[in-house]
Amino acid sequence: MPPGSGIPMPPGFGTNNIPNPPGFGSNITTPPLSLVNIPNPPNTVPTPPSLGIPMPPGFGTNNIPNPPGFGNNIPMPPGSGIPIPPGSGIPMPPGVVNNIPVTPGVGIPTPPGSGYGVPFPPVIQSSIPMMPSLAPTLPIKPVIQPKKSMKPLFWEKLVNSHTEESVWKHVKEGSFDSDEFESLFCKKERKPNSRDLKSKEKVEETILLDGKTYNNLAIMLKKLPRITEIEQAVLNLNMNILNLEQIELLISNLPSAETITAFNSVKNNKNVNAYEDAEKFMLTVTTLPEFGTRLRCWLYSLQFENNLRIVQIPLEILEKAITIVKDSENFKIILGFILSAGNYLNGGTKKGQADGFQLDILPKLEQTRDNTNKGSLLDYIFRRVYENHPKVIEIVSEFEPIYTAKEITFENLKKDNESIQNALKDFKAKVKAVQGKVEKEDVFIKQMSTFFKKAKENEEDIKKNLANQEVSFKKVLKFYGYKDRDIQKLEPKDLFGCLSQFLDNLKNSIEKIKKEEAQKAKTRIAPKGQGAKISSAGLGEDAMAAVVNQIKTKLKDNSKH
């Protein structure tokens, strides 16, 4: 209730129309309940049964005193119901007042339409006890108001627990110096530091970037040096400040042209001193001439050697493979035995009497099986080759580079070289773009110009080497009897792919020969089951020499005995 307004009577609680409670005759006079300056509402409701008790002396219609400590404004009792003072009359039936259910512990509900409960007069002595569930539990100790905000003590409060059975009836509160107590246990006043003030300013200040850009830049900047250092590193191309990964990170997070335009349109709406790091970075990007272009050119100059190796390494492998295939004596020996066997197989036919053959037949030798079906034509040929030229097995390690060369094509090499050429042209254009906006003595212009000159020379060398290797490859095809129409369309992968297949089959044949030799050697040295073992690595004369030496040693030992 607002102060001074008074409490209006519920509808129907006037002075002249209160009916007697059920069971009581007309000779019981109900005292008027009009309160001082309390107007009676127009409507009436029956008086609750407990209100039919005569008022004590001194309580008339115009002289009801207010409870102690209250003026004419009577406050609402706790719980917003109507508690019945102890001893006021006949207790209400449990749970019901005027056929209105009452929630336990709440009291008489406010009559419909009133919005406020009606307080009863102060305590009226009676010999009839009040129901415990309806009695209010109010503190009797005075309210303490500390001068300072104190630290809370989270206990479970007990109220009116001074019964004979309670310890609290026998407990007396101690005294202490309140000022000292407050100084020790008051809440500390936290003084705002510069960070708090800065955070408050951050909230109040407007962010000049959209949320996504702001967040991306903020995350990136945590992985980089300070913005002033970033600016100096880009100006001076200083790898001691920014490494390769950090430069790549900067480039991947460069703002778009639209974002830069949007920032430029609002950057003056905020004091530069209040800029966030992300906004400071944006300011650097927009004020340093060609910031993004500088970064991209710098990164390209740092990665150029690696890009160049993409073409250089395949050319080096190709050159080595071409030389091996052309100059290998072991390969020529094997080809001679294959030619002899092929002419014999094709004797009396149009395919016989050949002076040579195209190399594409080599992987197919494995497919021609002997009549025992235990070996192939290649097994037989290589066994004969090995018997006459044991060192021919060195071809396995000698031809190892062809496995890498089989992945190479001139088409891809030319594309990679063209990419280098185009990238250098683009690089040159970017340097010119920066050159038109800075001084002649700018570090970027000096270093990038020097780099471009050297890079161009390297690119020209690669181009010449590529052309030379293409010529060498065609010559080796011609050397092995390929026709001109085939030479024009064949790639390194075709020739070396064919040879790598042949080499795999050759390795299988060599393993079979080694196993056979080992078995034969074992049989020769142990005719009666007592022989020494010979390693499968021993082949031909070396194996026999080992057997002879073992026999000599045994004979010497026997002669001593």
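The legends below accompany an overview and close-up views of a predicted model.

**Figure 1. Overview of the protein chain in the predicted model, which contains 17 helices and 2 strands.** Of the 561 residues that make up the protein chain, 33% count as buried. When contacts between residues at least 6 apart in sequence are considered, 74% of them join residues that are at least 24 apart.

**Figure 2. Close-up of the crossing between helix H3 (residues 211-221) and helix H7 (residues 277-287).** The axes of the two helices come within 8 Å and cross at roughly 90°, and H3 and H7 are therefore roughly perpendicular to each other. On the side of H3 the contact is made by Tyr214, Leu217, Ala218, Met220 and Leu221, while H7 contributes Asp277, Ala278, Phe281 and Met282. By residue class, the contact of H3 with H7 comprises 8 nonpolar residues, no polar residues and 1 charged residue.

Figure 3. Leaving aside residues up to four places away in sequence, Asn505 touches Pro363, Glu366 and Leu378.

**Figure 4. Close-up of the aromatic pair Phe331 and Phe399, whose ring centres are 5.2 Å apart.** The structure holds 13 aromatic pairs; in the one formed by Phe331 and Phe399 the ring planes stand at 55°, so the pair is tilted. Phe331 belongs to helix H9 (residues 329-345), whereas Phe399 is found in the loop between helix H11 (395-398) and helix H12 (402-405), so the pair ties together parts that are 68 residues apart in sequence. Both Phe331 and Phe399 are buried.

**Figure 5. Close-up of an aromatic cluster formed by Tyr300, Phe304, Phe427, Phe451 and Phe452.** The view shows the rings of the tyrosine, Tyr300, together with those of the phenylalanines Phe304, Phe427, Phe451 and Phe452, which belong with Tyr300 to one cluster.

**Figure 6. Close-up views of two arginines placed over aromatic rings, Arg294 over Phe444 and Arg384 over Tyr380.** In one view, the charged end of Arg294 sits over the ring of Phe444, at 5.4 Å from the centre of that ring. In the other view, Arg384 lies over the face of Tyr380, and the value given from the ring centre is 4.7 Å.

Notes. Residues are numbered from 1 along each chain as its sequence is written. This is a predicted model: local features need pLDDT of at least 70, side-chain atom pairs count only at pLDDT 80 or more; totals for chains, interfaces and linings use all residues. Side-chain values use heavy atoms; hydrogens and water are left out. Axes are lines fitted to C-alpha atoms, for helices over the stretch in contact, and angles run from 0 to 180 degrees between N-to-C directions. Helices (H or I, at least four residues) and strands (E, at least two) are DSSP runs, numbered from the N terminus. Angles under 35 degrees count as roughly parallel, over 145 as roughly antiparallel, 65 to 115 as roughly perpendicular and the rest as oblique. Contact means heavy atoms within 4.5 Å. Ala, Val, Leu, Ile, Met, Phe, Trp, Tyr, Cys and Pro count as nonpolar, Asp, Glu, Lys and Arg as charged, and the others, Gly among them, as polar. Rings of Phe, Tyr and Trp (its six-membered ring) pair if their centres lie within 6.5 Å; planes under 30 degrees apart count as stacked, over 60 as edge-to-face and the rest as tilted. Buried means under 20% relative accessible area, exposed over 50%, partly exposed in between (1.4 Å probe, protein chains only). A charge sits over a ring if NZ of Lys or CZ of Arg is within 6 Å of the ring centre and within 35 degrees of the ring normal.
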